[in-house]
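Have the structure open as you read.

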Amino acid sequence: MDVENLTSVTEFILVGLSSQRKTQLLLFVAILLIYFLTISGNLAVILLVRFDTRLQTPMYYFLMHLSGLEICYVTSTEPQMLAHLLAGNGVISYICCATQLFVYLSLGVAECTLLAVMAYDRYLAICQPLRYPVAMDRLRQIHLAFGCWAVGFLGGAVYAGCTFHHSYCGPNRINHFMCEMPLVLKLACDDTHVTQTIIFVLAGVGLLIPIFVVLTSYVVILFSVLQIRSATGLRKAFSTCASHLVVVTVFYGTLISIYLIPRSVTSSDRDKNIALFYVVVTPFLNPIIYTLRNKDVHEAVARALRRGGFEPKAR
């Protein structure tokens with residue numbers, strides 16, 4: 001058998017965020033703190049929705065799944081980043097690289113789909129309030145939520161399969177802090193043009209369909225909201241959608257910039273900065289964005305504190 005058809009690489013070397021030891025240690029402390037806060041914030045959202053009966057509505061049910069996705073997502077990438085920063089080198093085995101790529105892409109596809117489902121849920125709640133309890137009953141919520149997870153892991157399997165069916169015989173340095181699919185493909189020894197085309201088409205369809213659902217839902221919501229004469233109703237409709245729109249814009253914007261905008265040879269550092277934002281910062285910000293101005297969540301926190309023996313101060 002021809003050597004070129006064999007994978008001889010047993011490990012990859014991740015260049016990481018910096019080669020300066022002092023910078024690596026500073027990044028380690030910062031990312032460790034953000035990781036802890038991300039896990040705590042998203043876990044708090046899950047516990048609040050799970051145990052507060054007033055939050056057991058479709059919107060918060062999907063938010064609970066989003067928080068679960070964020071916890072899994074950061075855990076698939078950040079512990080490895082922290083280990084490499086602490087050790088000062090970025091060696092990762094071939095199997096670990098393939099596993100990481102599969103897991104984080106699966107969770108990314110699932111989140112992409114779930115955000116579209118959440119937009120559709122807001123459309124039903126605001127534009128079809130009479131049909132909403134039937135159209136989004138408990139069984140439908142479960143089907144949609146677990147459908148997102150299933151689509152995610154199917155997509156992750158396809159992307160990982162397309163990436164690692166190629167031969168890798170060297171070089172093995174990846175100018176990133178994790179096994180990012182486009183950069184791993186660049187190291188393949190055989191021709192990847194067909195694979196890159198397939199991945200580009202799949203990524204385009206996988207992004208454009210959810211974006212279309214989100215845009216369509218919010219255009220219809222906008223027209224419906226503009227017809228609301230009550231100032232209170234108008235404010236409530238905007239407040240329930242604003243946080244979701246912020247998260248959607250940040251999430252889809254970063255994905256498009258990474259996977260659909262053509263790369264130049266000198267764009268690796270830019271890609272790392274963007275990736276750092278959506279891997280580390282976005283999962284940390286999401287629970288804050290969804291709860292900062294959310295009266296229902298504030299009241300749920302107050303009830304939880306009262307049950308725990310802590311009486312929140314009256315404003």
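Over which residues does pLDDT stay under 50? That happens over residues 1-5, for which the model has three contacts beyond four places in sequence; pLDDT is the predictor's confidence in each residue, from 0 to 100, and contact means heavy atoms within 4.5 Å. This is a predicted model, in which local features need pLDDT of at least 70 and side-chain atom pairs count only at pLDDT 80 or more, while totals for chains, interfaces and linings use all residues. Residues are numbered from 1 along each chain as its sequence is written, and side-chain values use heavy atoms, with hydrogens and water left out.

The chain averages a pLDDT of 86, and 88% of the residues score at least 70. Confidence is highest in helix α5 (residues 138-164), at a mean of 95, and lowest in helix α8 (residues 231-259), at 73. Helices (H or I, at least four residues) and strands (E, at least two) are DSSP runs, numbered from the N terminus.

Now the sheet. It is open, with three strands in the order β2-β1-β3 and mixed pairing; two strands pair if DSSP finds at least two bridges between them. β2 (91-93) and β3 (173-174) stand at the edges with a single partner strand each, so one side of each has no neighbour in the sheet. Strand β1 (residues 11-14) runs antiparallel to β2, joined by three bridges, and Glu11 has Ser93 as its bridge partner in β2.

On to the cysteines. There are two disulfides, a disulfide being a pair of cysteine sulfur atoms within 2.5 Å. In one, the sulfurs of Cys97 and Cys179 are 2.1 Å apart. Cys97 lies in helix α3 and Cys179 in the loop between β3 and α6 (181-186), so the pair ties together parts 82 residues apart in sequence. Both are buried, meaning under 20% relative accessible area, with exposed over 50% and partly exposed in between (1.4 Å probe, protein chains only). The other disulfide joins Cys169 to Cys189, S to S 1.9 Å. Cys169 is partly exposed, at 35%, and so is Cys189, at 30%. As for Cys112, its sulfur is 9.7 Å from the closest cysteine sulfur, in Cys148, too far for a bond.

Finally, the largest nonpolar core has 86 residues; such a core is a set of buried Ala, Val, Leu, Ile, Met, Phe, Trp, Tyr and Cys residues joined through side-chain atoms within 4.5 Å. Phe12, Leu115, Phe164, Tyr168 and Tyr252 touch the most other members, and helix α3 (residues 94-127) gives the most, with 18 residues.
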